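Welcome! Open your viewer, keep the selection tool ready, and follow along one stop at a time.

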Amino acid sequence: MSAPESSETSEEHLRSPEAVARHRALFRAVHRRKHPRLRQSDITVTTDAQVKRAVKATALGNAMEWYDFGVYAYLAVIIGKEFFPSGNATAQTLSALATFAAAFLVRPLGGMFFGPLGDKVGRKKILALTMIMMSSATLAIGLIPGYAAIGFWAPALLILCRMVQGFSTGGEYGGAATFIAEYAPDKRRGFWGSFLEFGTLIGYTAAAVLVTALTALLGSDGMQSWGWRVPFMVAAPLGLIGLYLRMRLDESPAFQKMEEGGGAAAEQREKKSFKESLAGQWPALLLCIALVAAFNITDYMLLSYMPTYLTQLGFGETSGLMSIVVVMLILMALINSVGRLSDRVGRKPVLLAGSVAFLVLALPAFLLIGRGGVAPVFAGLLILGLSLVCYLGTMSSALPALFPTDVRYGSLSIGFNISVSLFGGTTPLVVAALIGATGNNLMPAFYTMLAGLVGIVAVLCMKETARKPLDGSPPAVATADEARELVQAQRAS
């Protein structure tokens with residue numbers, strides 16, 4: 001028998017019921033040394049005002065990110081005509097969607113760069129940097145001359161700007177979700193985390209409303225001529241507002257507690273590379289990738305690809321966009337309630353409900369959309385939206401809880417962006433290609449059903465994390481009274 005095995009066997013023998021019965025005081029002392037009782041000063045107290053300030057700044061940044069991506073998705077047909085050689089309209093649209101997908105190729109690189117840096121220097125600084133890069137790249141897209149003016153330099157510059165967007169976004173979601181999760185009290189992490197995806201819906205809605213209003217005001221010719229540039233230029237002032245709000249924030253309480261801890265643990269963290277720290281996170285990382293795949297395929301299907309899909313089915317651009325906007329407004333009204341529900345019943349039941357809904361209801365939803373007409377299309381979109389809101393209201397609190405504090409930003413950024421690159425951002429291109437290859441307009445339904453199945457398996461494999469402290473962080477509460485009650489309850493136990 002090897003030495004480690006002998007040690008483990010000996011430890012199990014020492015912990016046998018008979019040994020514990022004979023030496024209760026000794027075992028209590030050993031347990032307390034390994035698991036010291038919490039003092040009130042150990043518990044993180046963040047008031048509603050502090051959390052609201054953090055959520056506002058972080059959600060606005062997320063809204064900015066999805067505004068950028070939403071504008072591009074809604075203008076994909078126009079961008080295809082503006083930046084790519086004339087000829088086949090389908091080829092132009094596919095080229096524009098391929099450029100949309102290209103940004104996702106560099107997202108994992110952004111996650112690998114910004115994520116570990118955020119675990120080392122802090123969440124706040126990296127979130128400010130990603131905001132600057134993201135808004136600058138979006139503004140630049142609105143200033144690039146078209147193919148008719150500068151030839152192949154036009155698509156080349158477009159792809160470059162999209163890659164800057166993708167690289168900066170690689171550090172955005174992981175940091176934003178981490179920041180809110182580390183600020184929120186344990187009992188309300190689902191509710192506060194849901195505001196991150198509320199920001200997503202605001203970004204998409206703002207993009208859709210602006211594009212729709214400009215289209216109605218300028219007409220198709222005016223939009224193709226110069227109107228499409230306006231939504232991209234709006235990114236500059238939005239970016240400045242988001243940067244201002246983020247720079248006024250304090251670092252997240254969990255990161256501050258970790259930094260203040262110092263001692264041997266801090267020295268060990270400094271010596272270990274991020275790769276070494278990540279070595280023990282592979283099960284959580286794989287689970288994160290699977291959950292994000294299910295979430296983002298359905299998310300990008302509804303919010304990014306649907307305008308193009310409805311146009312290809314012959315549904316009016318304005319009617320399609322307005323139907324999507326109304327559905328998003330309904331989701332915005334529900335999302336915080338879903339987050340609050342996940343605090344009450346747990347993350348797993350809510351995520352499982354959304355996954356099952358996509359598996360069962362995707363085909364009926366797309367059959368309704370395929371019938372045409374405002375009512376059937378809206379009903380189909382609403383079915384998909386109500387299924388998606390189970391993910392939107394829960395995922396921002398479920399994902400950060402998979403990882404410990406010292407590697408949370410980096411692990412989440414890497415897992416999230418690998419999955420988004422492979423499955424989320426490619427969804428519009430893959431589905432369009434599948435329809436082109438098979439001629440079957442129900443391919444989006446089958447792809448959505450596959451995502452729902454992946455979601456079911458992933459949710460069944462995850463642990464419930466609702467109302468529990470984050471791994472590697474002390475309990476977090478909303479008031480000093482709650483902290484005192486927690487300490488008293490511990491003493492009484």
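The tour below starts with the whole protein and then moves through a few selections.

**Before you click**

This is a predicted model, in which local features need pLDDT of at least 70 and side-chain atom pairs count only at pLDDT 80 or more, while totals for chains, interfaces and linings use all residues. Residues are numbered from 1 along each chain as its sequence is written, and side-chain values use heavy atoms, with hydrogens and water left out.

**Stop 1: the whole protein**

Show everything as a cartoon. You have 26 helices and 2 strands in view; helices (H or I, at least four residues) and strands (E, at least two) are DSSP runs, numbered from the N terminus. Of the 493 residues, 53% count as buried. Buried means under 20% relative accessible area, exposed means over 50%, and partly exposed lies in between (1.4 Å probe, protein chains only).

Now colour by pLDDT, the predictor's confidence in each residue, from 0 to 100. The mean for the protein is 84, and 87% of its residues reach 70 or more. Which elements have the lowest and the highest mean pLDDT? Helix H1 (residues 3–14) is lowest at 44, and helix H20 (residues 347–371) is highest at 97. Select residues 1–14 as well: pLDDT stays under 50 there, so treat this stretch with care, as pLDDT is the predictor's confidence.

**Stop 2: helix H4 and its partner**

Select residues 48–74, which form helix H4. At 1.5 Å a residue, its 27 residues should span 39 Å, and the end C-alpha atoms are 36 Å apart, which agrees. The expected span is 1.5 Å times one less than the number of residues. H4 is mostly covered, with 20 of its 27 residues buried.

The axes are lines fitted to C-alpha atoms, for helices over the stretch in contact, and angles run from 0 to 180 degrees between N-to-C directions.

Show side chains next. Trp-66, Ala-73 and Tyr-74 in H4 meet Tyr-300, Leu-303, Ser-304, Pro-307 and Thr-308 in H18. Contact means heavy atoms within 4.5 Å. The residues of this contact divide into 6 nonpolar, 2 polar and no charged; Ala, Val, Leu, Ile, Met, Phe, Trp, Tyr, Cys and Pro count as nonpolar, Asp, Glu, Lys and Arg as charged, and the others, Gly among them, as polar.

**Stop 3: helix H10**

Go to residues 153–169, helix H10. Buried residues here include Ala-154, Leu-158 and Arg-162. Ala-156 is also in H10, but it is partly exposed, with a relative accessible area of 38%.

**Stop 4**

Pick Glu-82 in helix H5 (residues 76–83). Is Glu-82 buried or exposed? Glu-82 is buried, with a relative accessible area of 16%. Beyond four places in sequence, its contacts are Gly-146, Tyr-147, Gln-224, Trp-228 and Arg-229.

Then find Gln-281, in the loop between helix H17 (274–278) and H18. Gln-281 is buried, at 14% relative accessible area.
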